[in-house]
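Please look through the two-chain model shown below with the following briefing at hand.

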Amino acid sequence: MSQDRLSIGDVAPALELEDTAGERHALPAPGEAPASVVIWTCNHCPYALAWHERIQDVVREYSERGVVFLQVNSNDAERYPGDSPEAMRERVEKGEFAGPYLHDPDQAAARAFGAERTPDVFVLDGDLRLVYSGAPDADYDDPSQNAAWLRGALDAVLAGEAPDPATTDPVGCTIKWKE
Amino acid sequence: MGAPRVEFLWWSECPSWERALAMLRAELEAAGLDPDGIEMVEIADEEQARERRFPGSPTIRVDGEDVQDPGEAPIGLTCRIYRRRDGRVSPLPDPADIRAALERTKGAS
């Protein structure tokens, strides 16, 4: 199970994971990027899939402003084969991800952040302090919501302000922990 | 023929079940059927999922027929992926699919 969830103001734990091509990706050092976003997602969950395009739009748009995005799959692929590294690679090769899609095979990253569901969004400021966590927006079933909470959090942190809301409840499938 | 048998199978870890149930109740009311007649079936473990051929939460069956063919979806404790009629992926079935399933039972009676 997850440990305590990261709280607003906490410095994010170190995170370095491999993408589907074996390349390692890490959070930037403090001051290297104006903001970073770590998003737990996966292949088999309808909530993650329903929000997926909205999230990829944010990745494309805010990457141009220097924001670093890491999308992480921590699910137990033995129990949920749809979340295997091979299945992750297939989606990347189809062009479904606008940024690196990382595998968390021992689930340590999910535990360290206290991630609970897919999707689950963590927005960090330039000093890697948590400024927003929760859902991308208020309704998985309404694309017009356009990831408004995630966008709002990024707009705030890029303007040097505190996001409002700073936390929302993550909505989605539970992360599939190893038994 | 009486009212159709309507089963609602759900797993508590998938949050869309309450919204799907409200959708089903609304469609039953619109069809002049009693929403209190829904058979609620909570799926709590893999054994129950296998016994009930559960392709994910929520699943709605009308006279034993799924409102959307689950195709090759694996049986087990999972949240169900629906394809809405506009092409979107969703944790919720399309209301029109529920309506069509209820209509089919009228045609069969």
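Just after H1(B), Gly32(B) takes up a positive phi of about 75°; helices here are DSSP runs of H or I with at least four residues, strands are runs of E with at least two, and both are numbered from the N terminus. The model is a predicted one, in which local features need pLDDT of at least 70 and side-chain atom pairs count only at pLDDT 80 or more, whereas totals for chains, interfaces and linings use all residues. Residues are numbered from 1 along each chain as its sequence is written, while chains are lettered from A and ligands numbered from 1 in the order in which they are written.

**Helix H1 of chain B**

**Phe8 of chain B**

- Phe8(B) belongs to strand S1 of chain B, which comprises residues 6-10, and it counts as partly exposed because it has 19 C-beta neighbours inside 10 Å.
- Although Phe8(B) and Leu21(B) are 13 residues apart in sequence, their C-alpha atoms are 7.5 Å apart in space.
- Not counting residues up to four places away in sequence, Phe8(B) touches Leu21(B), Leu24(B), Ile38(B), Glu39(B), Met40(B), Val41(B), Pro58(B) and Ile60(B); two residues are in contact if their C-beta atoms, placed from the backbone, lie within 7 Å.

**Chain B as a whole**

- Chain B has 3 helices and 6 strands, and from the N terminus on its elements follow the order β-α-β-α-β-β-β-β-α.
- Its radius of gyration of 13 Å agrees with the value near 13 Å that a compact globule of 109 residues would have; the radius is taken over C-alpha atoms, and the globule rule is 2.2 Å times the number of residues to the power 0.38.
- The C-alpha trace of chain B spans about 35 × 30 × 25 Å along its principal axes, and 34% of the 109 residues in chain B are buried.
- Among contacts in chain B between residues at least 6 apart in sequence, 66% join residues at least 24 apart.

**Chain A as a whole**

- Chain A contains 4 helices and 9 strands, which run β-β-β-α-β-α-β-α-β-β-β-α-β from the N terminus on.
- The radius of gyration of chain A is 15 Å, close to the 16 Å that the globule rule gives for 179 residues, so chain A is as compact as a globular protein of that length.
- Along the principal axes, the C-alpha atoms of chain A fill a box of roughly 40 × 35 × 30 Å, and buried residues make up 47% of the 179 residues in chain A.
- For contacts in chain A between residues at least 6 apart in sequence, the share that joins residues at least 24 apart is 78%.

**Nonpolar core**

- The largest nonpolar core has 73 residues, and those with the most contacts inside it are Val37(A), Tyr47(A), Phe122(A) and Val123(A); such a core is a set of buried Ala, Val, Leu, Ile, Met, Phe, Trp, Tyr and Cys residues joined through C-beta atoms within 7 Å.
- H1(A) gives the most to this core, with 9 residues.
- Leaving aside neighbours within four places in sequence, the contacts of Val37(A) are Val67(A), Phe69(A), Val121(A), Phe122(A) and Val123(A).

**Pro136 of chain A**

- Pro136(A) sits in the loop between strand S8 (130-134) and helix H4 (148-158) of chain A, and it counts as buried because it has 29 C-beta neighbours inside 10 Å.
- Beyond four places in sequence, the contacts of Pro136(A) include Trp51(A), Arg54(A), Ile55(A) and Pro119(A).

**Contact between the chains**

- The contact draws 11 residues from chain A and 12 residues from chain B.
- On the side of chain A that touches chain B, helix H1 (46-63) and strand S9 (173-174) of chain A each supply at least two residues, and H1(A) gives the most, with 4 residues.

Methods:
A residue is buried if 20 or more other C-beta atoms lie within 10 Å of its own, exposed if 12 or fewer, and partly exposed in between; C-beta atoms are placed from the backbone.
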